[in-house]
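Subject: Structure handover

Hello,

Here is the structure for you to look over. My notes follow below.

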Amino acid sequence: LVTKEVFIRLVFAPGDQMQIDFKDLIVVLNGVETKLHMFVARLNYSTRWFACCYQTEDRSALFDGILSACQSFGGVPREAVFDNASSAVTKILRGRDRALNTEFAEFCGSLRLTVQFAAPAKGNEKGGVEGLHGFIEDNVFVPRLEGPTLVSINHTLATFCQDDSSRRVVSGEPVSTRFERESLALRPVPAIPPSPCIREFVRVNKFSEVTHKTNRYSVPSVFASSATMWPDTT
């Protein structure tokens, strides 16, 4: 006898959880078709969301997205649900255990944010943010969004987020009302927040240059032929 799969509707308390994820999009940036990576965070109780586009989908973008989302919400939820991205996970262990890379673990620890990871091929475990991707794309990026700078693209996203929260209703209540209640349950963002960047050691050559991600940068000659901490703030 094979039983049918049964689903249980999840109910969240204010400040319990947010779901985060990236989605690739094409925009017209300063007249040129450009691929961007949109970071989206969604609070599961109020359904208030935050989105921001980046030109890369690396750890720096992930860190900045998480921090910017928490600052936008005015606080930090107890946990976040994310995919098994290489920007956060170095190895998938048994069950839901994951080996986190050091930088991601330290960053989340500074925010007191616990991260749970969705099971492989189980996108429904973060279905809220998955569905939000399509909603944002249909309402903001179709027809293809144009802007002179990345800042203008993100300003359009922020404006749509604010408008959506003002008019949308969930369980008979405006999202803005539910968010007012949820914001009281969020933990405060640290007074000195963690820096959303990765620092790496590089060698300054005899030409007073450092190479980072295949690019060469000039540095003061006093650092020639020395090991220097180079901040990746992409």
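Buried means under 20% relative accessible area, exposed over 50%, and partly exposed in between, with a 1.4 Å probe and protein chains only. By that cut-off, 41% of the 234 residues in the protein chain are buried.

This is a predicted model: local features need pLDDT of at least 70, side-chain atom pairs count only at pLDDT 80 or more, and totals for chains, interfaces and linings use all residues. Residues are numbered from 1 along each chain as its sequence is written, and side-chain values use heavy atoms, with hydrogens and water left out.

Overall picture:

The protein chain holds 5 helices and 14 strands. These are DSSP runs (helices H or I, at least four residues; strands E, at least two), numbered from the N terminus. Take contacts (heavy atoms within 4.5 Å) between residues at least 6 apart in sequence: 62% join residues at least 24 apart.

Two residues:

T34 sits in strand β2, residues 32-43. T34 counts as buried because its relative accessibility is 18%. A polar atom of its side chain lies 3.0 Å from the backbone oxygen of V32. Not counting residues up to four places away in sequence, T34 touches L25, I26, V27 and L29.

H133 belongs to helix α3, residues 127-140. At 5% relative accessibility, H133 is buried too. Beyond its neighbours within four places in sequence, H133 contacts D21, F22, K23, M38 and V40.

Best wishes

Technical notes: A polar contact is a pair of N or O atoms within 3.5 Å; within protein, one must be able to donate a hydrogen and the other to accept it, and residues adjacent in sequence count only if both atoms are side-chain atoms.
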